[in-house]
Amino acid sequence: MKKHNLLSAIALVLLMHFTACDKDFLDLKPLDQETSSNFYQTEEQAFQALVAIYDALTIQSTPGYLPNEGWVPLVTVADVLSDDAFGGGDSDGNDGLNYNQLNNHNIPTTNPLAHSLWVKNYTGIYRANLFLEIINDIEASAEFKKRTIAEAKFMRAYFYLELVRFFENVPLLTATIKGPSEYSQAQNTPQEVYNQIALDLVQAIADLPEMVDAAETGRITKWAAQGLLARTFLFYNGVYGGNLTAGNTVVDRSYVLQQLEDLILNSGHDLFEDYSLNFRLAGQFGVESVFEISHGDTPLWWDWGYPQGGNGNLAAQLQGPRVGVSQNWNRGWSFATVSHKLSEFLKDDPRYVHTIVKQEQLDGVLQKGYQHTGYYSRKYTSDAEHWGSGGQLELNRTCNFRVIRFSDVLLMAAELDSPNKQQYLDRVRARVGLPGVPATLENIYRERRLELSLEGIRYFDVLRRGIDYASQQFTHSGIRGPNYEGDQQIFNVTFNPATRGFLPIPQTEIDLSAGRFIQNSGY
């Protein structure tokens with residue numbers, strides 16, 4: 001059974017509280033005595049409000065959808081959009097229809113997965129904005145306020161980065177909606193949204209702690225904010241070709257590299273000697289994890305209609321092989337089946353065995369699903385080590401999501417042309433017993449794929465290298481592995497450059513915007 005920190009322990013209570021506080025129901029008085037107008041009084045209550053924002057980091061679905069309609073872990077969505085995985089599904093094309101629309105880049109504006117991504121991130125933004133509005137009026141120490149405001153700003157930046165990288169044209173809300181007159185919001189430019197992300201992160205870096213106590217494992221540090229700022233800059237600079245402005249601070253290559261060098265030299269983060277520890281229980285919140293989101297079986301969860309009330313890693317359920325009568329695997333759903341293209345790319349690399357599991361390595365009885373390739377993710381999967389201790393087994397997977405690893409930090413710094421780039425690249429390769437290669441940009445890009453495959457990073461790495469490159473990489477036909485099943489047609493993918501790699505603005509949101517939202521190009 002996975003041991004959870006204090007943030008996970010009270011997540012369910014806070015989620016229920018904040019769901020009730022998000023809106024009034026016919027203006028009826030609540031049956032209890034705590035409402036959003038009188039709850040936020042003490043430092044303890046403020047901390048509970050903060051934990052509710054942390055809880056939003058674990059949301060991977062939204063109510064009202066079946067699992068194959070509304071389960072949207074970032075790693076699954078991003079890998080299916082990339083050339084590393086197909087849509088998959090545990091029965092046929094209808095079962096995995098919505099993920100296959102993402103995989104084929106033929107996405108209707110009514111795709112429920114896109115809508116679920118939109119809603120879950122704005123849920124987190126609402127909670128962060130609410131906290132930032134109430135914190136200054138609460139009786140609490142100055143140090144408590146400084147730190148928690150920085151945490152809320154970091155998380156708001158994280159939610160907005162997920163939104164703007166997927167949808168590009170989104171409304172920027174830095175305050176809660178106060179009433180019907182504010183319901184209709186306009187979309188902001190990508191530059192405005194990215195500048196706000198940069199501002200939140202630069203301010204958070206100044207006020208976040210460098211270390212957290214063992215009892216607070218999982219809380220955000222300065223180093224996480226530096227890593228997320230670098231990820232933000234690299235995507236924005238690659239796609240839009242410019243720098244960011246965080247208030248009076250210009251966030252350019254030099255500034256971002258300075259943040260990364262500080263992280264590398266002073267954070268205490270390092271590489272595990274054993275690469276596989278990054279995806280095992282023994283490696284949770286370990287030395288290599290710069291930013292990690294906790295998932296698990298606290299609380300034990302049963303409710304299929306409200307999976308976000310629990311804390312299990314839904315990516316592990318979606319992506320795991322559907323195996324029965326086994327001591328080592330159980331009932332995954334075979335979404336995001338891994339491509340033969342990735343298998344071939346990794347075939348001579350020591351990280352292969354920690355990235356991909358082959359069907360012949362599975363014991364028990366394997367039920368082959370749609371777009372069966374014979375390859376599955378090894379990093380987030382339904383293996384026995386990550387089974388929950390109880391509850392509905394599909395809802396209690398205990399795999400933490402490693403959002404930013406130290407190896408990624410080293411490679412980002414190398415890409416930004418650090419004077420130490422050869423040392424950083426060699427360090428990543430030496431950890432898995434590989435000799436050094438020249439620290440050219442192409443070798444750094446190649447190492448990113450070898451090191452970070454099936455972690456939800458490949459799609460964005462390709463997009464920031466240009467639409468022509470994305471079309472070349474994401475369009476593939478005639479590639480067939482030895483265990484592929486089904487007509488070749490279902491494994492052929494054509495990228496749609498007209499969309500520039502962005503998802504459609506959900507039609508539901510366009511309808512609610514009173515004509516103010518404009519649909520993304522290509523849809």
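**A buried strand and a helix pair**

Strand E3 (residues 289-293) is largely enclosed by the rest of the structure, because 5 of its 5 residues are buried (under 20% relative accessible area with a 1.4 Å probe, protein chains only). The model is a predicted one, where local features need pLDDT of at least 70 and side-chain atom pairs count only at pLDDT 80 or more, while totals for chains, interfaces and linings use all residues. Residues are numbered from 1 along each chain as its sequence is written, and side-chain values use heavy atoms, leaving out hydrogens and water.

E3 runs antiparallel to strand E8 (residues 401-405), with 4 bridges joining them (DSSP must find at least two bridges for strands to pair). Across from Glu292 sits Arg402 in E8. Moving on, the loop between E3 and helix H12 (314-319) holds Gly310, which counts as buried because its relative accessibility is 6%. Gly310 lies 8.2 Å from Gly296, C-alpha to C-alpha, with the two 14 residues apart in sequence.

Then there are the helices. The axes of H15 (residues 406-415) and H16 (residues 421-431) come within 8 Å and cross at roughly 150 degrees (axes are lines fitted to C-alpha atoms over the stretch in contact, and angles run from 0 to 180 degrees between N-to-C directions). That makes H15 roughly antiparallel to H16, a label for angles over 145 degrees. The residues of the contact between H15 and H16 split into 8 nonpolar, 1 polar and 3 charged (Ala, Val, Leu, Ile, Met, Phe, Trp, Tyr, Cys and Pro count as nonpolar, Asp, Glu, Lys and Arg as charged, and the others, Gly among them, as polar; contact means heavy atoms within 4.5 Å).

Definitions and conventions: Helix = DSSP H or I, 4+ residues; strand = E, 2+ residues; numbered from the N terminus. Parallel < 35°, antiparallel > 145°, perpendicular 65-115°, else oblique. Buried < 20%, exposed > 50% of the residue type's maximum accessible area, 1.4 Å probe, protein only.
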